Amino acid sequence: MVNIQQSPTATAQGPIKQYDAIIIGAGVGGLYALHHLRKMGFSVRVYEGAAGVGGTWWWNRYPGARVDGPGSPFYCYTFSEDLVREWDWADTQPDQPSVLAYLEYVADRLDLRRDIQLETWIRDARYDEEKQRWLVETSAGERICCQFLICAVGTLSAAYKPNIPGIDDFAGECYHTGRWPQETVSFVGKRVGVIGTGSSGVQAIPEIAREAAHLTVFQRTPQYTIPARNRPLDPELVRQVRENWPAIRAQLNASPAGMPIEITKRLASEDTAEQRQALYEELWQKGGFHLLFSSYADILTDKEANRSLAEFVRGKIRETVRDPKTAEKLLPDYYLGTKRQLLDNGYYETFNRDNVTLVDLREDPMQKITPTGVRTTTGEHQLDMLVLATGYDAVTGALVRLNPKGRGGVGLSEKWRTRFNTYLGIGISDFPNLLMIHGPGSPSVLFNMPLGAELESTWIGDCMSYLRERGLGAIEPTPDAEQNWDQEVAALANATLYPLTDSWYMGANIPGKPRQFCAHLGGPLYFQRISEVAAQGYEGFVFEQKRDGGVTTATGGPQETDSETAPGRSASI
Ligand code: NAP
């Protein structure tokens, strides 16, 4: 059975390593943060639980996993023209091995690996108010003391295994899409069950169906998916992009999702029903997010506009799926786009195959998982393999599981019990010197992730440098600033249809999780806001002068001390 929780064992011992900052996570965010902070002269080390770099792209090796946004050549780091020139993407929606290979290439090209420690989980991180530093223990038993704790722990990294009765009793193979094994998984000749029809399920299902003897899809909520229309990347586009990279980069920075998607200002009501139909058809054929973002400006804010597009997609499902009863089960009924929009490569068509069965859990609820399969009200589905495509405790889950202890030893899980308050999605009151990349209340999952990581890491680097230049020991948001930010994030979301749907954006997929929209919907305006905050001397934050107990380290790696303080000592290179 898939094991999602990590259980570190070694006892903390040995000398205490000193850094300016440690970064938790060597995914898209952590890799760039390491590069950037190191260049700024900070001593930094990255700790990563996986056996390789890449974060979500290291773990998500399930069949069919690929970028399902506008993709290449735009889902990448933008800061280096060399990287843009050197890396050749094959497809418009690169598959997981390609993205992972890219991130590995970046790690080598920027010589990042020497400062990354793999297979190391952070098992404890607590802020020492006297020393103004974080004291950290790893699963390997190391002790670290650092001024800044930078959490690049991923937004979709805390895999969620639902508490279905009997889930640990299944005797066959069982895998979670977000914790897929390194070795090849064969479906040949097997009866496979997939639970979950979000992005991961919708990508995996057509691939598994091609190999498996039989595939049973257990669907709780039917979803709208749009053809991804993945295709080989046009060399002419690549040439143009490479030649005009600074201008393209500026365009990406200015676009609402950090992606080159045309955003229309036209409202659905400005067109006739026939015109809307024709436009939807054109954008459906184009594929990708165009249907959602380039059709009408009010799809995500106006119920009628949304209904017209939703009905168009329901029509496509009825057209595609030959068996009308199966098609009916696949028809979604929430506001399109208010769950993460899915893109697929032949998802609805898969239900025309003889070896695929759809179980609608809304009419035939799941009762339990048995050693040999899944029991629903109508009977038992015998399985050799179970695939849990059941998603993540998104955006906050990995932070809560890390559970750093701030002022007074209070853990983040306690602080966030009823609401995920942050300031700018970067800082948290009572957690001085803890800075997040893609934290809750930042655009994170609704913005091009590598580009967002660059922009946030740059802000973090500037902030650290501000403290360094002024001899400051700590920075922390005020509770007021945090509350105002929370209201701003909520107000932006409440102006849309997002809060009307149970989705992971709202925390609704995790039992007991506070219902709260997880991201700032401002896009480029968000990045403008955080720049303004910095320009105004970090308005909304408070600083502490450095106390003597703080240890200063310089560029070039850690200092080791055998006690937790080494006043006045600075590192040599
Ligand atoms: P997800 O969107 O949260 O989907 C989870 C699925 O599991 C849903 O269909 C959910 O049903 C179902 N489920 C959960 N608990 C269940 C239970 N107890 N019984 C039956 N069904 C259950 O997770 P995901 O598909 O892994 O995707 C998460 C996010 O990761 C995506 O939205 C996307 O942002 C990202 N992602 C990106 C890519 C990419 O870019 N290539 C690929 C994969 C994922 P309900 O809808 O009823 O809750």
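This is a predicted model: local features need pLDDT of at least 70, side-chain atom pairs count only at pLDDT 80 or more; totals for chains, interfaces and linings use all residues.
Residues are numbered from 1 along each chain as its sequence is written, and side-chain values use heavy atoms, with hydrogens and water left out.

Let's start with helices H8 (residues 273-286) and H10 (residues 303-320), which pack at about 55° with their axes 11 Å apart. Helices here are DSSP runs of H or I, at least four residues, and strands are runs of E, at least two, numbered from the N terminus; the axes are lines fitted to C-alpha atoms, for helices over the stretch in contact, and angles run from 0 to 180 degrees between N-to-C directions. That angle makes H8 oblique to H10 (under 35 degrees is roughly parallel, over 145 roughly antiparallel, 65 to 115 roughly perpendicular, and the rest oblique). On the H8 side, Arg276, Gln277, Tyr280, Glu281, Trp284 and Gln285 meet Ala305, Ser308, Leu309, Phe312, Val313 and Lys316 of H10, where contact means heavy atoms within 4.5 Å.

Tyr280 has another partner, so on to the rings. The whole structure holds 37 aromatic pairs, meaning Phe, Tyr or Trp rings (the six-membered one for Trp) with centres within 6.5 Å; planes under 30 degrees apart are stacked, over 60 edge-to-face, and the rest tilted. Tyrosine 280 and tyrosine 296 pair edge-to-face, 5.8 Å centre to centre with 85° between the planes. Since tyrosine 280 sits in H8 and tyrosine 296 in the loop between H9 (290-293) and H10, the pair ties together parts 16 residues apart in sequence. Both tyrosine 280 and tyrosine 296 are buried (under 20% relative accessible area; exposed is over 50%, partly exposed in between, with a 1.4 Å probe and protein chains only).

Tyrosine 505 and phenylalanine 517 make a tilted pair, 5.8 Å centre to centre and 55° between the planes. Each lies in the loop between H16 (479-494) and H17 (524-535), 12 residues apart. Tyrosine 505 counts as buried because its relative accessibility is 3%, and phenylalanine 517 does too, at 7%. Ring pairs also build a cluster whose members include Tyr423, Phe447, Trp459 and Tyr526.

Serine 442 is buried, at 0% relative accessibility. Neighbours within four places in sequence aside, serine 442 touches Leu424, Gly425, Glu456, Cys518, Ala519, His520 and Tyr526.
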